[in-house]
Amino acid sequence: MADKARLHYQGLALFCFTLVTAWETVSGKIRYSIPEEIQKGYFVGNILKDLGLDLKALSDRAVRIVSTGRSQYFALNLKSGHLITTERMDREQICGQLETCLLHIEVLVEDKVKLFIVDVEITDINDNAPRFQEDELEFRISELAAVGTRYSLEEAQDADVGASSVQGYYLSSNKHFSVDVQTGADGDKYAELVLEKSLDREEQAVHDLILTATDGGDPVRSGTAQIRVIVLDANDNAPVFSQPAYTVSVLENVAVGSLLLTVNATDPDEGINSEVTYSLRKMKDKASQIFQVDSKTGEISTVGNLDYEEAASYEMEVQAKDVGDLSARSKVLVTVIDVNDNAPKITIASLFSSVSEDSPPGTLIALLNIRDKDSGENGEVTCSIPGNLPFRLQKSFDNYYSLVTDRPLDRERVSDYNVTITARDRGTPNLASKTTILVKLSDINDNAPIFDQTSYTLYITENNPR
C-alpha cells in the first residue's frame, strides 16, 4: 500500500514539473477579421480547429478566454468550439480614427498550460454620414473683394476612416461662387469658398448657397450646411498670425480652467474691420470637450480633464476672422505629459491553490498578469513577495510572472501559506498594488509511526481469569 502511494505522488510531482515546462511555450498568433456593427452571437472563427484542440478540452472547461480587465466582446461556444461575439461592436467607439482596429484575445488552455494570442480585426463599414458642426454658415464679404478670393469653410466630420471618410465637397449652382477642395499635408481634405465673379451689393445683397460633403462609401453618404453670404463694403486685409504654429506641453493632471497659451493675430485694416475673433477648428469630438479659446483675447485654456493614457497629444487649428470673414489659420499642438496616476493592476490568470509537500523547487503555483497603464518609468513595474517564504517570482513572458516553489516544503511544519504579491511602479511618487494567494500543502506519507518510549514493563499476578 505504501509503494502505491509513493508511486502516486511521484507521478503527481512529475505532472507539476511538466506543467512548468509546458508554460514556457506560447503559441503563434491567429488572426480573424469581422465587420463592425454585427450582432451578438456572430461567428468569428472555429477556434477549436484553428488552435488544434479537441472537443473534450472544451467540455472539461479547460479552455477559456483570459480576462485582462477591458470589455469582453467575445466568448467561446463550449459545444461547438466557435469564437462568437457577445455584443454589437462599433468600430469608431472602440478604436476611434485608427486605420487598423485590432482586438487582442488571450486564450488559456489550462490542462496544457498554454496561452494563445488571437487578434480580431474590426473592419470599417460606411455607417456614418459626414456632418457639419454648424448647419448654417454665414459670411460677410465686401463688394470690393477681388475675384479669386478664398474663404475657409468648416470641415465636415465623418467618424468612418479610409475611403468611407469625407472625400469631396460640392456647392449648389450659382454664378458668383465655387468650392475648391484642397488636401493638407496630413491627407485631410478641406474646402474653400472661391469668389468667381465680382459682387454688387446693389444688385444682390444676400446669396444663399448649400454646401454638400460626401464620403467614398458604398452607398455614398452625405451631409449639408447652408451658406449665407451677406455682401458688405470694403474690407481688403485678412488677419495674420504672429507665428504659423503654436506648441505647448502640459501635465495630464493640470486643473480644469488652466491657461495653456495665447495666440495672436493682427489685421492691418482700421476701425471695426481690424477687430479679430478667434475660434478653434479641426477638433475631434473629444478635443472639443477639453479645449476652448477666448474669442477676443486668443487665450486657449482647458475646460475638461486631460488623460495621457487616452491621448498623448492634440492637434487643432486656431482661426482668426475679421468682420468681413477674411481669415487666417495657425496650427496648435498640445503635448500631454504623463504623470504617475495609475497603480499597477494584478490579475491572476491561473492558480493551483494546493501543492504537494514533496513538490520539487520550481513547481508552478500561479500565473500572474501585471499591467500599468502609465508610460515610461511610470509604467515600469517590479513584482515581489516576502523573502521568508519558500516561493519566488520569475518573469515568464511579456507582462506575465510565475509564482513557483523555491525550496523543499514540509506540511508537518507549515500546512499553508498566505503569499502577498506586491507590484510597484517606478514613478514619482511610486504606486503599488497588492494581492494575496492562499497556498495549501497536501500531505504525503513521509513520516513513520514513533513510540513514546523504547520499551514498556508491566507486572501482573498469576492465576488471573481469562
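Modeller: Strand β3 pairs with β6 (residues 102-109) in the antiparallel sense over 4 bridges, where pairing requires that DSSP finds at least two bridges between two strands, and where strands are DSSP runs of E with at least two residues, numbered from the N terminus. Within this pairing, V63 has V109 of β6 as its bridge partner. The model is predicted, with local features needing pLDDT of at least 70 and side-chain atom pairs counting only at pLDDT 80 or more, while totals for chains, interfaces and linings use all residues. Residues are numbered from 1 along each chain as its sequence is written, and side-chain values use heavy atoms, with hydrogens and water left out.

The pair belongs to an open sheet of 4 strands, ordered β1-β7-β6-β3, in which the pairing is mixed. At its edges lie β1 (30-35) and β3 (63-66), each of which pairs on one side only. On average, neighbouring strands of this sheet are turned by 30 degrees against each other, direction ignored; the axes behind such angles are lines fitted to C-alpha atoms, and angles run from 0 to 180 degrees between N-to-C directions.

Another open sheet of 4 strands runs in the order β24-β26-β29-β28, and its pairing is antiparallel. Because β24 (345-351) and β28 (391-397) stand at the edges with a single partner strand each, one side of each is left without a neighbour in the sheet. The twist here averages 30 degrees from one strand to the next. The partner of β24 is β26 (residues 364-371), joined in the antiparallel sense over 6 bridges, and S350 has L367 in β26 as its bridge partner.
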